[in-house]
Amino acid sequence: MENSTPERKVAGGEIALRSPETTTIENVEVSNEKVLEHAADTKRQIEEQVAEVLSEAEQKIAISAKSMNVSPEMLDEMSKEKEVDGEVVSMWSEAKELARKAAQDIDTVVEGVLITPESYLQENDKGQLPPTPEEREIYKQWRAGHPENYTQSKTEVVSQSIEEFSNMVANFEATYPLEELLAITELTPPDYEHPLRDLAKKALNPIFAKLNALKNETNIPSEKYEELKRQWKVLSNAVGLVNKGMVDHTR
Amino acid sequence: MTNNNAKRKKAIDDILVDYTTKISTLKKKRDSVITGFLGILKERRINEVRQSIK
């Protein structure tokens with residue numbers, strides 16, 4: 001490995017360049033894949049919290065109204081009169097906006113994993129790169145000095161990534177039948193586990209990472225990206241979000 | 001070498017903690033609205049029962 005490691009003067013000193021392989025090995029403690037999985041899991045947790053704002057309110061009101069023996073008509077009339085639904089929905093919207101910002105912040109953190117010199121993608125295409133801006137810059141310069149190795153065009157990279165994404169979606173559908181996932185509507189506490197759903201949920205992570213990589217690292221046309229995002233949403237909805245033991249396949 | 005991905009993972013955790021704190025505040029506000037509404041509903045229901053007894 002050392003023989004192939006190029007060196008370059010940076011900020012007045014000589015430092016050893018790391019090849020991608022070396023970077024990956026040195027960074028094995030928390031891999032890029034793990035970071036991406038963690039990001040996807042966290043986003044899902046955030047989405048679940050958003051859903052709770054509304055569902056818990058509905059439950060609290062329904063349980064109390066029942067205990068007071070209030071008729072549905074009276075409850076409906078009072079809800080409209082006091083505009084309580086509107087207030088709760090307004091808070092739900094606020095929660096959604098907070099979730100959107102949190103997701104953006106997560107994307108920014110993940111960008112540190114995903115943003116790569118275009119040339120690096122051509123060779124590796126796993127979204128892995130030297131982890132610090134300084135190392136990325138060095139790597140970029142090194143790559144610029146070796147153009148003979150990187151002849152693939154940007155369009156080819158996008159096409160290849162799209163094809164890989166489509167294959168991942170097809171594999172997912174073949175391994176985890178969507179009808180079976182959609183048929184899971186209720187989970188049992190305390191763990192809310194389901195063998196098929198749990199595996200499918202985990203299998204969503206690399207697909208999500210690939211979609212993110214396509215968005216952040218390539219010049220994919222927005223219509224094409226939206227089309228792929230819809231494909232992702234179908235899979236994500238098939239797995240669904242768990243709220244109080246119920247699996248919501250509609251969000 | 002510093003494990004930058006560990007830092008990224010931690011940063012994501014921090015975002016979740018921050019979000020959960022904000023949502024918790026929002027939920028308290030929501031619960032306060034619901035409590036107020038249920039109080040009025042209870043009062044209305046008691047009046048309804050009283051009227052039916054008369």
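At roughly what angle do the axes of helix H2 (residues 32–67) of chain A and helix H1 (residues 4–53) of chain B cross? They cross at roughly 5° and come within 10 Å. Axes here are lines fitted to C-alpha atoms, for helices over the stretch in contact, and angles run from 0 to 180 degrees between N-to-C directions. H2(A) and H1(B) are therefore roughly parallel to each other. Angles under 35 degrees count as roughly parallel, over 145 as roughly antiparallel, 65 to 115 as roughly perpendicular and the rest as oblique.

This is a predicted model; local features need pLDDT of at least 70, side-chain atom pairs count only at pLDDT 80 or more, and totals for chains, interfaces and linings use all residues. Residues are numbered from 1 along each chain as its sequence is written, while chains are lettered from A and ligands numbered from 1 in the order in which they are written.

**Helix H2 of chain A**

Helices (H or I, at least four residues) and strands (E, at least two) are DSSP runs, numbered from the N terminus. H2(A) has 36 residues. Its first and last C-alpha lie 51 Å apart, close to the 52 Å expected at 1.5 Å a residue. The expected span is 1.5 Å times one less than the number of residues. H2(A) bends by about 30° at A:Glu52. That bend is the angle between axes fitted to the seven residues ending there and the seven starting there. Just after the helix, A:Asn69 has a positive phi of about 60°.

H2(A) also packs on helix H9 (residues 195–217) of chain A, at an angle of about 100° with axes 9 Å apart. That makes H2(A) roughly perpendicular to H9(A). A:Leu36, A:Glu37 and A:Ala40 of H2(A) meet A:Leu204, A:Asn205, A:Phe208 and A:Ala209 of H9(A).

**The interface**

In total, 40 residues of chain A contact 28 residues of chain B. Contact means C-beta atoms, placed from the backbone, within 7 Å. On the chain A side, H2(A) gives the most, with 15 residues.

Ala, Val, Leu, Ile, Met, Phe, Trp, Tyr, Cys and Pro count as nonpolar, Asp, Glu, Lys and Arg as charged, and the others, Gly among them, as polar.

| Contact set | Residues by class |
|---|---|
| H2(A) with H1(B) | 15 nonpolar, eight polar, six charged residues |
| Side of chain A that touches chain B | 22 nonpolar, 10 polar, eight charged residues |
| H2(A) with H9(A) | five nonpolar, one polar, one charged residues |

**Confidence**

The predictor gives the complex an ipTM of 0.87 and a pTM of 0.47. Mean pLDDT (the predictor's confidence in each residue, from 0 to 100) is 88 for chain B and 75 for chain A. Residues 148–153 of chain A stay under 50. Where pLDDT is low, the predicted coordinates should not be read in detail.

Conventions. Contact = placed C-beta atoms within 7 Å.
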